[in-house]
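Morning, everyone. I have one model to walk through, and I'll keep it brisk. Here it comes on the screen.

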Amino acid sequence: MKYNPVTEEILAELREIVGEKNVLTDEEKIEAYSHDETPAEQYAHMPEVVLTPNTAEEIAAVMKLANRELIPVTPSGARSGLSGGAIPEHGGIVVSVENMDEVIEIDYDNLMMVLEPGVVMNSVNEMLEESGLFFAGYPMSVETCYLGGNIAENAGGGKAVKYGVTGRYIMGLELVTPTGDIVQLGGKRVKDVTGYDIKQLIVGSEGTLGIVTKATIKLMPKPTQRVGLLALFKDEETAISTVPKIMTEGGIIPTSIEFMDKLSVKTSCDYLNEHLPYQDAGAMLLIEVDGIKEDVVNSDSEIIGELCLDNDAIEVYVADNHTTRERIWSVRRNIAEAFKVVSPHQSLEDIVVPTANIPKLMPYLDQISKKYDIQIPCYGHAGDGNLHATLVKNPDHSMEEWYKIEEEALVELYEATRDLGGTLSGEHGIGSKRKKYMEMMMSPAELNLMRGIKKAFDPNNIMNPGKIFDMVD
Ligand SMILES: Cc1cc2nc3c(=O)[nH]c(=O)nc-3n(C[C@H](O)[C@H](O)[C@H](O)COP(=O)(O)OP(=O)(O)OC[C@H]3O[C@@H](n4cnc5c(N)ncnc54)[C@H](O)[C@@H]3O)c2cc1C
């Protein structure tokens, strides 16, 4: 597809639509919009212009102009994405929703909230602090990411076992379509089977089907009690086989069940100068339970602790206050940072396999790691099979060697994942980074269905083109 450049005439029209100060062309200012948090420079691409509109109407007018002139438009949130979704792969216009950060309504009667897409996730729960409510569908990047980005990625976090991911809490959306219409999808109705559920199609569509300009989210009663358990096991198999028993034998759905392999724990502990006992255990589960009643949460955590020990855990440590909970969680949270010290060049993956197959994946990781002489730490959400296996460049390899290794090792990792019933991404999305692997996972018929949907929304292929899959002429 050949797109047209943003000319001086078009810039003048854009200034008319969104106002002079919301049109950024200064190279130093717009550089920040050329990349997200994907750790590799090859995905970066400069926009020609960045717009920071204030209303859905302005965005709709921009989309009409972009359609008329065949200019690509890329929606941008906080750019904390890990698959290059907000990067303007074909240049053109970036529409950043950073100015659209109003909380429109907190509806206590319906337990819902209506917000603009530029609201930072953390501020939602801060705002709800006194109300006894909270928004449960946030990812671990809660301090930076925006609601719009979370919806577009269907972000999930450490609490997905119990609370699910962002999509579960999206009740209504206002969307500017790629052709410049403003549509209202869903609303405050808990039940609604009136036609196709387009709202849920937008969730996770990575900004390729429209720009979210408003969202109605569902709120939940806020848990006030929390206990963390750190369970050490001799190997991954023993650790993972314990996970379903917590639910079947214990009858408890924990808030989170995080998994860390030996390499991840050791590197993170070294980085933090942390001395967790049994650093040399083969695998660790970090389990958290939450609720309203202290005695229930305590008894749930005791049951889980006993279950772990009955299933050959070497030791189980209980963290029932903020300080100790923070100590063990910080080991999990700092794994990625710790490996940046080993090498800043990494491929942070987001594969997902059926939970019970996690141990079966480990020998493959070992094999790939030995074959290419690289480290592949593996950690993630054991409760839902979503693992951040990360290929880390060996500092002894040249960049040229690393690019070749990354290319080949990724294919082997994805093949192993697919053969275990898994797929490319559980939460970070496809974006530009994983697009070329889509055919490994999906049949031509499935990809063609997706292309048909894209064409119905975006006949000129101007909305975040080049993401998830390429269109065929
Ligand atoms: C340290 C760290 C931890 C992370 N932890 C998690 C985690 O636990 N779980 C998880 O799922 N992700 C995680 N991420 C990834 C990232 O934070 C999420 O994908 C997040 O949802 C992206 O939000 P954002 O506002 O930064 O969006 P961006 O990166 O700006 O954009 C992401 C995608 O959304 C589209 N988009 C943005 N706004 C809109 C809009 N208004 N309408 C339509 N499309 C839009 C963009 O075009 C792009 O395709 C983490 C990232 C980092 C750096």
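Let me start with a question: is the crossing of α8 and α10 left-handed or right-handed? It is right-handed. Before I go on, please keep in mind that this is a predicted model.

Stay with that pair. Helix α10 covers residues 294-310, and α8 packs against it at an angle of about 140°. The two axes are 10 Å apart. Angles over 145 degrees would count as roughly antiparallel, so at this angle α8 is oblique to α10. Who touches whom? From α8, the contact uses Thr242, Lys245 and Ile246. From α10, it uses Ile304, Leu307 and Cys308. By class, that contact divides into four nonpolar residues, one polar and one charged.

Now α8 again, with another partner. Helix α8 is residues 236-248, and helix α13 is residues 358-372. Their axes come within 8 Å and cross at roughly 155°. Because of that angle, α8 is roughly antiparallel to α13. The crossing here is right-handed. On the α8 side, the contact is made by Glu236, Glu237 and Ile240. On the α13 side, Ile358, Pro359 and Met362 make the contact. The class count for α8 with α13 is four nonpolar, two charged and no polar residues.

Next pair, α1 and α3. Helix α1 spans residues 8-18, and helix α3 spans residues 56-69. They pack at an angle of about 160°, and their axes are 9 Å apart. So α1 is roughly antiparallel to α3. Helix α1 passes α3 in a right-handed crossing. From α1, the contact takes in Ile10, Glu13, Leu14, Ile17 and Val18. From α3, it takes in Glu58, Ala61, Val62, Leu65, Arg68 and Glu69. That contact has seven nonpolar residues, four charged and no polar ones.

Take Ser141: an N or O atom in its side chain is 2.5 Å from an oxygen atom of the ligand. Then Gly156: here a polar backbone atom is 2.4 Å from a nitrogen atom of the ligand.

To recap the helices: α8 is oblique to α10, but roughly antiparallel to α13. And α1 is roughly antiparallel to α3. Questions, please.

Conventions
Residues are numbered from 1 along each chain as its sequence is written. This is a predicted model: local features need pLDDT of at least 70, side-chain atom pairs count only at pLDDT 80 or more; totals for chains, interfaces and linings use all residues. Side-chain values use heavy atoms; hydrogens and water are left out. Axes are lines fitted to C-alpha atoms, for helices over the stretch in contact, and angles run from 0 to 180 degrees between N-to-C directions. Helices (H or I, at least four residues) and strands (E, at least two) are DSSP runs, numbered from the N terminus. Angles under 35 degrees count as roughly parallel, over 145 as roughly antiparallel, 65 to 115 as roughly perpendicular and the rest as oblique. A crossing is left-handed if the near helix is turned anticlockwise from the far one by less than a right angle, and right-handed if clockwise. Contact means heavy atoms within 4.5 Å. Ala, Val, Leu, Ile, Met, Phe, Trp, Tyr, Cys and Pro count as nonpolar, Asp, Glu, Lys and Arg as charged, and the others, Gly among them, as polar. A polar contact is a pair of N or O atoms within 3.5 Å; within protein, one must be able to donate a hydrogen and the other to accept it, and residues adjacent in sequence count only if both atoms are side-chain atoms.
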